[in-house]
Amino acid sequence: MPMPQLSPALLTDRYELTMLAAALADGTSERDCVFEVFSRRLPHGRRYGVLAGTGRLLELLAGFRFGDAELAAVRAQGVDDPELLAWLADFRFTGDVDGYAEGDLYFPGSPVLTVRAPFGQAVLLETLALSILNHDSAIASAGARMVGASCERPCIEMGSRRTHEESAVAAARAAVLVGFAATSNLAAGARYGIPTTGTSAHAFTLLHDDEAAAFRAQVAALGTGTTLLVDTYDVEQGIRTAIEVAGPGLGAVRLDSGDLTVQATRARELLDALGATETKVIVTSDLDEYAIAALAAAPVDGYGVGTSLVTGSGSPTAGMVYKLVERDGVPVAKNSEGKRSVGGRKRAVRRHDADGTAIAEVVTAGAVEPRDGDRDLLAPLVRDGELVDPCSPAEALAAARDRHRVLRQTLPAEAFSLMRGEPVIDTVTA
């Protein structure tokens, strides 16, 4: 029997419910609270982060409800406090959410999401908010480095087989947000209007009696504009066979093994010699931003990126936390060693020089004296439980992609170095 489709309310850690039960019992659940999402630091050596996932979070907020199935599920796990269950049955988020616009950049201490609501409502959103923002921002931040290293050659996301099936869809969305041209994932294409692409794997070549038969079948099905995978047996012979079958108008050849710099150079020389001067060379095979950068001088026309992208290129989480910073208008903060927070609801502006280049992230619980070139970073996202700017998932992604493309241009040039270093601009707190 198939599992019932449950609400995103169950994408929650149990301790959110136990805290809520205790707060209901002692009367503190209705205290007006402000929670902030921020990262204390960027992944080691990274120069900036990219905020992604806000659109997905807002999509799911409307369906964050505890219906009969969800209540039955928590009861089955021993959560059976009658007052808690009655409260959950009536739950609807009625608070306010502010945040950085999706696709914006962030730095240590940037308050990328602010939730104001009664404690009981706000605390329930912690796990969902962090799981989405941590995953998607990690993928987007890694993907932005790959796009920067690609020298404007197109990157294709193709990591679905290297991660959880739903993470694959989210990763494709995050990758396209930062400039990837397409994805191999059909669900991402359906949900978000992302261009999808794909041709064949080595198995398709091995299925046929010889390479020429496989190429003929693919060209017959997809046309001469297709991409033929030429390294199943011998790359040079594979290229010759590809041009014999498809002619010099073949769209592209793909290389998926060996020294890609050497292979791409030889492939380009051979294609040109065969008259296929417009046939592109696409490379895959465990690429990351460093491998892409190393191929900058090679005659490569595009990159397919999988494992490294969907795992955040070594940093699979953005390290964001969800912390209570204000209670009934009074700033509160934790003072744990190494995990101190700053109390009070924050304002945030990004400061720019006369040329429009970002020079500082100013985050303060007080007033910010405005200067020329300051840009307010927090925008209203939800008011009284309703989206401020409702739009389709595809529209939200397109807007975030456009925004990111513009804001990347405001970073100092050293932001795009792949060498380890400190955040490219300082976070100034007051």
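I took contact to mean heavy atoms within 4.5 Å. On that basis, I found that residues 24 or more positions apart account for 74% of the contacts in the protein chain with a separation of 6 or more.

**Ground rules**

I am working with a predicted model, so I noted that local features need pLDDT of at least 70, that side-chain atom pairs count only at pLDDT 80 or more, and that totals for chains, interfaces and linings use all residues. Residues are numbered from 1 along each chain as its sequence is written, and side-chain values use heavy atoms, with hydrogens and water left out.

**Overall look**

I looked up the secondary structure and found 15 helices and 19 strands in the protein chain; these are DSSP runs (helices H or I, at least four residues; strands E, at least two), numbered from the N terminus. Along the principal axes, the C-alpha atoms fill a box of roughly 80 × 65 × 40 Å. Of the 430 residues, 51% are buried (under 20% relative accessible area; exposed is over 50%, partly exposed in between; 1.4 Å probe, protein chains only).

**Two domains**

I next checked how the chain is divided: domain 1 takes 8-139 + 315-428 and domain 2 takes 148-312, with bounds from an automatic or database domain assignment. Their C-alpha centres lie 37 Å apart. The contact takes 23 residues from each of domain 1 and domain 2.

How much area is buried between domain 1 and domain 2? I read about 1900 Å², with carbon and sulfur atoms giving 61%; buried area is the accessible area (1.4 Å probe) that two parts lose on being put together, summed over both. I139, L397 and L418 supply 37% of what domain 1 buries against domain 2, more than any other three residues.

I counted one salt bridge between the domains (a side-chain nitrogen of Lys or Arg within 4 Å of a carboxyl oxygen of Asp or Glu). On the domain 1 side that touches domain 2, helix 2 (54-61), helix 6 (126-149) and helix 15 (393-408) each give two or more residues. Helix 15 gives the most, with seven residues.

**T54**

I looked at T54, which is found in helix 2. T54 counts as buried because its relative accessibility is 5%. Leaving aside neighbours within four places in sequence, I see T54 in contact with Y100, E102, L133 and L381. E102 also forms a salt bridge with R173, the closest N and O atoms being 2.7 Å apart.

**Salt bridges**

My search of the whole structure finds 20 salt bridges. In one of them the side chains of D104 and R375 meet (3.2 Å, N to O). D104 lies in the loop between strand 3 (96-99) and strand 4 (105-106) and R375 in strand 16 (residues 375-376), so this pair ties together parts that are 271 residues apart in sequence. D104 is buried at 1% relative accessible area, whereas R375 is partly exposed at 26%.

I also looked up D374 and R351, whose side chains meet in a salt bridge (2.9 Å, N to O). D374 is partly exposed at 22% relative accessibility, while R351 is buried at 10%. Salt bridges that share partners join D104, R350, E361 and R375 into one network.

**Helix 10**

My last stop was helix 10 (residues 211-222), where E211, A212, A213, A214, F215, Q218 and V219 are buried. Their cover includes helix 9 (202-207), strand 8 (227-229) and helix 11 (235-246). G223 follows helix 10, with a positive phi near 90°.
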